[in-house]
Amino acid sequence: MTNRAQRRSTGLVIVSTGFVLLWIIIAAVPFLWTLWGSFKVQGDFFSKADWANAIFGVRTVIETGDFFTANGYIGAWVEHGFGESVINTSIIVVSTVIISLTLGTLGGYALARSGFKYSFWILMVALVFRAMPHITLVSGYLLPFFEWNIWGYLPTSIIVLVAINQPFTLWMLHSFFLNIPKDMDESAMVDGCTRLQAFWHVIIPVMWPGVITTGLFSFLLAYNDFAVTSSLLSQDNQTMIPKIASFLGTTQVEGNVMFAVAAVVSAMVPLFILVVFFQRHIVAGLTAGAVKG
Amino acid sequence: MPHRTFFWFIIPSLVAMVLFIALPIVSVLIQSMHSEHEQVLITSENCSPFGCKQETIIDTKATALLKAEQPLGQFIGLENYTNRSHLAFSEVSLAWDSKKDIGDFFTKILNLPFYKALSFTLTYTFVVTPFVILLGLAIALGVNSLPKFAKGPTIFVSLLPMIVTPLIGSLILFWMIDSDGVLGAALQYIFDDPALSLKASPMLTWVMLIVYGIWHSAPFSFIVFYAGLQTVPADTLEAATIDGANRWQRIRYVVVPYMKPLVVFITLMQLMDNFRVFEPIVSFSSEASATSLSWIIYNDLTQDTQLFGSAAATSMLTIVGVAILLLPVLVRTWRDFNRKTH
C-alpha cells in the first residue's frame, strides 16, 4: 500500500528540494569559505580588488610563491602561543564536563524519582537560572573574586562554568531519568540494594546514552563560552575563544587578522569532529526537553 | 524517595547553584547601590617669590587605602539606576520637554547608552525568534520529504551553524560581510554603492546581526520540528487525505496542531538565548551602531577602571527584563500546578 498521504506533485518536490539545497548552501558555505581562505594571505581573503582573488589566491602566489600558505597557522600557533590556550581550554572543558555530569546525574535522578512539591519548584528555579545572561552573573563574581584572590585561575572558572551549567544539566538528565521505569531501581532495592547502589549498579548502566548526550552539551557550553572565560581568567590562563578575540584587537598590523582566521579554523575542527561522531546524540539531546515534555 | 535521600542526592548540585548563581545575584544587587570612590585630593599652598598658588593633587596613597578598606566603594543608593548611563530620568524628561516632534524625542532617547542597548536587544529578540521558528519549520518540512539517504548529511550540515562557537560563527559571517569580504562586495555591487559598508551603515549592521542570529538558531528549531514531525501519526494524515484534505490543509490542520507544544518550547528557549545576545556585537565590533544589554555590562567590566557599580545596575535591569520575559511561562506553570494539586 503506497502511502497516499506522502505522494506529492513534481513541482512541489522541486520547490522543497531546492529550498533545502539553498539552506545547505547558506549553512555550509561560510565554513568552507573561511577554511579555504585561511590558507591565503590577507590581501586575498580580504580582497579590495576582486572577491575572486580569495578563491584563486592571486596575491598569495605573488607574495609567497605558492598557491597555499600556512603563514596564518604558523603565526597563531608558533608566534602567538595558541597552543597554550588550547591546553587551557582542554583542562577547563574536561573538568567542567566531568564535574557537571557527576553533580547533575545525582540531582537529576533525585528530581526524577521524587514526587514532592519542592522538586517541582527546584526545576522552576533552575529554569529561571537557565535564563540568566551569563555576563550578569560575571559582574557579581568579579569583585568578590578579586577580594578573595581567586580571580584569574583555571579552577575558579571551572567551578563557575559547572554552576552555570547545572540548571540545564539537571533539566536534561531529569527528563532522561523519567524515561527509565521506576520498577528497575525499586526491584533492585527490594533485593537489598541501598538507593545509592541501585542508582550506581542498575540505573547508570542504562543511562549512558542520556549521560553522553548531556555531556556533549556541557562540553559545548564550556567550549563555546566567551563571557565567563574572557573576564575571569588572567592573561596567562587565557582559553581559545578569548585568545581569538584578542587577535582582533591588533588587526591593524598586516597579516595579523590571518592569525585570527587560522585560529578560528583550528577552533572549529574539534566541533566538527564532535558532530561527525555524535550527530545522533546531539539530535536526541535537542529534542529531549521538547518532545518528551 | 524519602526526603533524606532526596536531600543527599540533590545537595551538591544545589550548593553549586546557590553559591554561584543565587549569591552572585545578591552580590550584583549590593554592588549596584555602590559607586567607585572619589579620589582623595590634597590642596596645598605653594608660595614662591611671585606669590602664592593653590595646588590640588591626588593623594594616591590615601585613595588606595580607601579602596582597600571599602572595596565596594561608596554607598549611593539608587543613583546608579537613575544616572545617564542607565535609566537617565533627567535626560529623558529633558528630551521630552525640549522635543520638536515625537521622532526627535526617540532619536535623543536612543542616543542614551542604556536605551540604545535595550532597543537593539529587544528588536533582535523579537525579530530573530519568529523568523527562527518559521524557517526551522520550513526546513523541517523540506528535509522530511527528502529521500532517506540524503537526510543524514543534510542534518549534519544543518547542525554546524548552531554548534559553532557564537564568537567564531559571527566572526566568520563578519569577515564575509565586511566591505573587503565577498558578501560585502556583492552588496556594494547590488546596491551600486561603493561606499556601502557595515561601519558606515547602522541599518546594515542591525540587519546583518539579525541575519546572523537567524542563521545561528534556525538549526535548533529545525531539529526540534523535525523530531516532532516523526511523531505525527501516519494514519491521522491518511484519514485526512481520504476525507479530501489537500496538502496545505493537512499541514495546517493535522501537522501544525501537533507542533504547538514545540513552538512554545522553542519560543521559550529562543527568548532566553536571544535576550542575552552578546558575542556578535564583539565580533562585528558594531558598538557604534548596535549594542546590547550584555555588551554594555561587559564593556563596563573590561575598562581600565572597572565600573562595578554601573555594570551591576545594568545587570539588575537585565535580570528584571529576563523576569518579565519569563513571567507568562511562570504564571502558566503556576496555574497548571495549582490545578493539578487542588
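Domain bounds, as used here, come from an automatic or database domain assignment. For chain A of this predicted model, that assignment gives domain 1, spanning 4–75, and domain 2, spanning 81–291. The model as a whole scores ipTM 0.90 and pTM 0.90, while chain B averages a pLDDT of 88, with 99% of its residues scoring at least 70.

**The two domains of chain A**
- Taken over C-alpha atoms, the centres of domain 1 of chain A and domain 2 of chain A are separated by 32 Å.
- Where these domains are in contact, domain 1 of chain A contributes 11 residues and domain 2 of chain A contributes nine residues.
- On the side of domain 1 that touches domain 2, at least two residues each come from α1 (10–37), α2 (42–45) and α5 (71–79) of chain A, and α5(A) gives the most, with four residues.
- That side of domain 1 of chain A is made up of four nonpolar and seven polar residues, with no charged residues.

**The contact between chains A and B**
- Between the chains, 79 residues of chain A are in contact with 84 residues of chain B.
- The residues on the chain A side of this contact divide into 55 nonpolar, 17 polar and seven charged.

**The largest nonpolar core**
- The largest nonpolar core holds 154 residues, and those with the most contacts inside it are A:Val138, A:Ile244, A:Ala263, A:Val264 and B:Ile168.
- Domain 1 and domain 2 of chain A each supply at least three residues to this core.
- Leaving aside residues up to four places away in sequence, A:Ala263 touches A:Ala76, A:Phe82, A:Lys243, A:Ile244 and A:Phe247.

Definitions and conventions: Residues are numbered from 1 along each chain as its sequence is written. Chains are lettered from A and ligands numbered from 1 in the order in which they are written. This is a predicted model: local features need pLDDT of at least 70, side-chain atom pairs count only at pLDDT 80 or more; totals for chains, interfaces and linings use all residues. A nonpolar core is a set of buried Ala, Val, Leu, Ile, Met, Phe, Trp, Tyr and Cys residues joined through C-beta atoms within 7 Å. A residue is buried if 20 or more other C-beta atoms lie within 10 Å of its own, exposed if 12 or fewer, and partly exposed in between; C-beta atoms are placed from the backbone. Two residues are in contact if their C-beta atoms, placed from the backbone, lie within 7 Å. Ala, Val, Leu, Ile, Met, Phe, Trp, Tyr, Cys and Pro count as nonpolar, Asp, Glu, Lys and Arg as charged, and the others, Gly among them, as polar. pLDDT is the predictor's confidence in each residue, from 0 to 100.
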